[in-house]
2 protein chains.
Amino acid sequence: MKCRVCGSRAAIKLREHNLSLCEEHFLAWMRRRVASTIGKYRMFGRGSKVLVAVSGGKDSLALWDLLSGLGYSTLGLHVDLGIGEYSALSRRKTEAFAASRGLELLVIDVRALHGESVPERARRGSRSVCSLCGLTKRYYMNRVAYEKGMDVVATGHNLDDLTSALLSNLFRWDLEHLAKGLPYLPPSGERVKARAKPLALCTERQNAAYCLLSGIDYVEEECPYSEGATFLELKGVMRMAEEISPGTKLRFYTGYVQNAHLFGRPFDEEKELCDLCGMPTYVGRCAFCRTWRG
Amino acid sequence: MKCRVCGSRAAIKLREHNLSLCEEHFLAWMRRRVASTIGKYRMFGRGSKVLVAVSGGKDSLALWDLLSGLGYSTLGLHVDLGIGEYSALSRRKTEAFAASRGLELLVIDVRALHGESVPERARRGSRSVCSLCGLTKRYYMNRVAYEKGMDVVATGHNLDDLTSALLSNLFRWDLEHLAKGLPYLPPSGERVKARAKPLALCTERQNAAYCLLSGIDYVEEECPYSEGATFLELKGVMRMAEEISPGTKLRFYTGYVQNAHLFGRPFDEEKELCDLCGMPTYVGRCAFCRTWRG
């Protein structure tokens, strides 16, 4: 198996592209791939200030490395959810990566700010840990992006995440979520910045290979609360479909993007501002403040 | 495992309905299920004349048995495609079933009518066997329904067929086919009758169980040309999704029916009549006549 560019020994075969590449040319391919995804979906431009949501996993660390390598002005945001050793390890690896690359990182420590971790707070309320985790991360992404004057929030969602979520939303014909699965969502009002997924066309495997070959030390553990989660099982379903016909995930997602307008407009109807924190909300006090500030 | 209706030993467990039934109550459940599907999707009424497309497999024989048992006026149509021993066996089992039930059956023998079997004709042309088989069966369903003054053509497509086709069409975002995957399609002009799929909400397994418990002898072999067909492999993908969350196939398909209008109108734009046979065509001579009549 030889690199299609230089003919030396290939380090990876990308079956969905029928392409084998050596280490050097795979890393270059990833950089071009991400740059072209950003351009194709008009995510942001040269001078944009990008808040990168960084969990410490392969996807978000690869994203941060790629964006800073491409010359974008980035600020990393890590939310420490307080999920035992998993969160501690995630934070350590994120901080170590930022330090090694000289990148600016902001850490939100949920327990330090609110006196409880996400699992502790979930135990006292009606939201599941996963639901509360999502609410908390989304809130801080929006809030920090607004307060720091960033132009866009970039997340590390990969092609496997997006196609398994798409499949789940199609199985349930959840039109609201089907309208919002796009790689780029424009800003909504003054206070919710644009959201971008520059790794939307990169697979989990490509992102892991990028980290390995770039010497990026990432958290390999899955969150302990994700065990048996349907979205993980649907990744297996998509993997089977991809085995049957390589390129299925890519065609499925890019075709979706072209046709997502069929499912309606992707905008939230958050017209009011929360009376406590000033961030947008459907009505009255926002869900975050209701949960975390009584 | 006991029958939910009468408490005697259950013959089958329907996991997607969380329902166990004995032989008698399963057969009654199937009759009600098909009757309610016909009603729910307004397929046809009490006095309708139904042309039943019968291959000799479990689905079409179960369908014919159920429709005639429900009191509908039916005519069976079997197209003998000339695919070696597979077609010979299919025809024999169809004829035996019709004779045993005293049902009227019309057999179209492709080789007798056109001098060649479907595989023989395919070998001389650009269409694959599967494409030519589909063209030929659709043509005779429409033509016989028109000439015999039937109101509707009923086919034995089951929930597994329909969800694997739906998944395939979604993977490719094939909007034309996504608009047409409905359980009922209204007539198109004078000469193309309505098409109905009364087993749309019944699984392959339910249809097979119905035949076994009703003593219906059906062809168990798959067509030799279907080996490795993508649609068969996608059935495996749907089976995996169903394992993860029982009821997925049913929710996926019924949700699709509610939302199919998003993909446009399901009608063909066949405005002309074929200059040779008089059946509708996009332009000039129809594909069937071009293929089978030079």
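Five bridges join strand β3 (residues 49-53) of chain A to strand β4 (residues 73-80) of chain A, and the two strands run parallel. The model is predicted.

- Six strands of chain A form an open sheet with mixed pairing, in the order β5-β4-β3-β6-β8-β7.
- β5 (105-109) and β7 (184-185) of chain A stand at the edges.
- Each of these two has a single partner strand, so one side of each lacks a neighbour in the sheet.
- Strands of a sheet pair through backbone hydrogen bonds, either parallel or antiparallel.

**Helices across the sheet**

- Helix α3 (residues 84-101) of chain A lies across β4 and β5 of chain A.
- α3 of chain A runs at about 160° to β4(A).
- Helix α6 (residues 129-147) of chain A lies across β3, β4, β5 and β6 (152-154) of chain A.
- α6 of chain A runs at about 145° to β4(A).

**A helix pair in chain B**

- Helix α1 (residues 23-40) and helix α9 (residues 204-214) of chain B pack at an angle of about 125°, with axes 10 Å apart.
- That angle makes α1(B) oblique to α9(B).
- The crossing of α1(B) past α9(B) is left-handed.
- α1(B) contributes B:E23, B:F26, B:L27 and B:M30 to the contact.
- α9(B) contributes B:Q206, B:A209, B:Y210, B:L213 and B:S214.
- Of the residues in this contact, six are nonpolar, two polar and one charged.

Conventions:
Residues numbered from 1 in each chain as written. Chains lettered and ligands numbered in written order. Predicted model: local features only at pLDDT ≥ 70, side-chain atom pairs only at ≥ 80, totals over all residues. Pairing = 2+ DSSP bridges. Helix = DSSP H or I, 4+ residues; strand = E, 2+ residues; numbered from the N terminus. Contact = placed C-beta atoms within 7 Å. Axes fitted to C-alpha atoms, helices over the stretch in contact; angles between N-to-C directions. Parallel < 35°, antiparallel > 145°, perpendicular 65-115°, else oblique. Left-handed = near helix turned anticlockwise from the far one by under 90°. Nonpolar A, V, L, I, M, F, W, Y, C, P; charged D, E, K, R; others polar.
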